[in-house]
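Take a look at the sequence and the model below. We will walk through a few of its features in turn.

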Amino acid sequence: MQAALHNESEILNIGAAGTAMRFLTAYLSITPGEWTLTGSERMKQRPIRILVDALRSIGASINYKEKEGYPPLHIKGKHLEGGSISLEGGISSQYISALLMVAPSLTNGLKLEISGNLISTPYVKLTLKLMKDFGVNAVWENNTINIPHQNYHTIPFCVEADWSAASYWYEMAALDENARIGLQGLFTNSYQGDSKVAVLFKQLGVSTRFTEDGVIITGGGKKTERFEYDFINEPDLVQTFAVTCSMLDIPFHFKGVQSLKIKETDRIEALRKELKKLGILLEESDGTSLIWAGKRSEPISNPVIDTYEDHRMAMSFMPVALINKQITIRNPHVVSKSYPSFWKDLRSSGFAIQEIA
């Protein structure tokens, strides 16, 4: 995202960054100029038609350069009048956030009507809260969000640490009863939906104590015998909890996982394949639930975990080393997407990490 915003080239390649693809599609549509927005091969398989159609409906000039409905995109940026847009609530919240953030710059603002049940609600609330911090007011009544034309204001701002990234340290604490880990920059009253991780990991024996600088987490607490939860609002935590529960031999039933199919990879299928290497047999139900009833098969000796260009696959499987004594992760560089210092931080915490060909 940073590189794209500072790049003077007409071709912007955002690699595997889905958030950047969605947000930049909206941003470039209202910014005078002409660009090609592209990404990795997997990015070219991730749908973006809903966002493109929404932007086109208020006058944006966007065309598909290859496959209809998918990146890469050719965008001619210009001033847009704005108006009204209607979207299904079951879509990626990133489409909604992309539209909300550009709304104040539209001449007539934006009236966004959301039909049906909104998934990933915390991410939409996060967007609106941050916009308010920077001077933009929105009115959310029933299923309609109304944002008039107005200006953002620059302010001093401390960016909170990432609760999604913190989840992997919680996973380590759950798998090591003697763990005591300090994580800086996490707030008690967080805007992030994934801050729910602190509450959810109580069921897996991890306690959280907030300090002035962040949190201190410790393992060794009482664990539930079965884990059930609807992850509709925290889909990025599914991989963390699937691996953690599996390694703790805790059967689980996760609901609300339907958005995982259109992430960096089909995360449901990726979890099934990689956990099978560890002898864990997951079941999928109607594309909305992920279940482990305790079924096992013979694990592979010295398994190599594939990451599918997905940062969360690498980070959620790394703590398996605490159980198996070691784990091999293929293409570990994928963590650069959200946590580039992950392997460095692990080394500083005492993990032995060896790079292999």
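Start at aspartate 194. In this predicted model, aspartate 194 touches Tyr123, Trp163, Ser164, Glu234, Asp236 and Leu237, leaving aside residues up to four places away in sequence. Aspartate 194 sits in a loop, between β9 (180-184) and α7 (197-200).

Which side chain of opposite charge is nearest to aspartate 194? That is arginine 312, 5.6 Å away.

Strands of a sheet pair through backbone hydrogen bonds, either parallel or antiparallel. Here four strands form an open sheet in the order β1-β2-β4-β3, and the pairing is mixed. β1 (11-13) and β3 (61-64) are the edge strands, each pairing on one side only. On average, neighbouring strands of this sheet are turned by 20° against each other, direction ignored.

Look at one pair in detail. β3 pairs with β4 (residues 73-77) in the antiparallel sense, over four bridges. Asparagine 63 has histidine 74 in β4 as its bridge partner.

Helix α2 (residues 18-29) lies across β1, β2 (33-38), β3 and β4. Its direction is at about 35° to β4. Helix α3 (residues 49-57) lies across β3 and β4. Helix α3 runs at about 150° to β3.

Technical notes:
Residues are numbered from 1 along each chain as its sequence is written. This is a predicted model: local features need pLDDT of at least 70, side-chain atom pairs count only at pLDDT 80 or more; totals for chains, interfaces and linings use all residues. Side-chain values use heavy atoms; hydrogens and water are left out. Helices (H or I, at least four residues) and strands (E, at least two) are DSSP runs, numbered from the N terminus. Buried means under 20% relative accessible area, exposed over 50%, partly exposed in between (1.4 Å probe, protein chains only). Lys and Arg count as positive and Asp and Glu as negative; His and the chain ends are not counted. A salt bridge is a side-chain nitrogen of Lys or Arg within 4 Å of a carboxyl oxygen of Asp or Glu. Contact means heavy atoms within 4.5 Å. Two strands pair if DSSP finds at least two bridges between them. Axes are lines fitted to C-alpha atoms, for helices over the stretch in contact, and angles run from 0 to 180 degrees between N-to-C directions.
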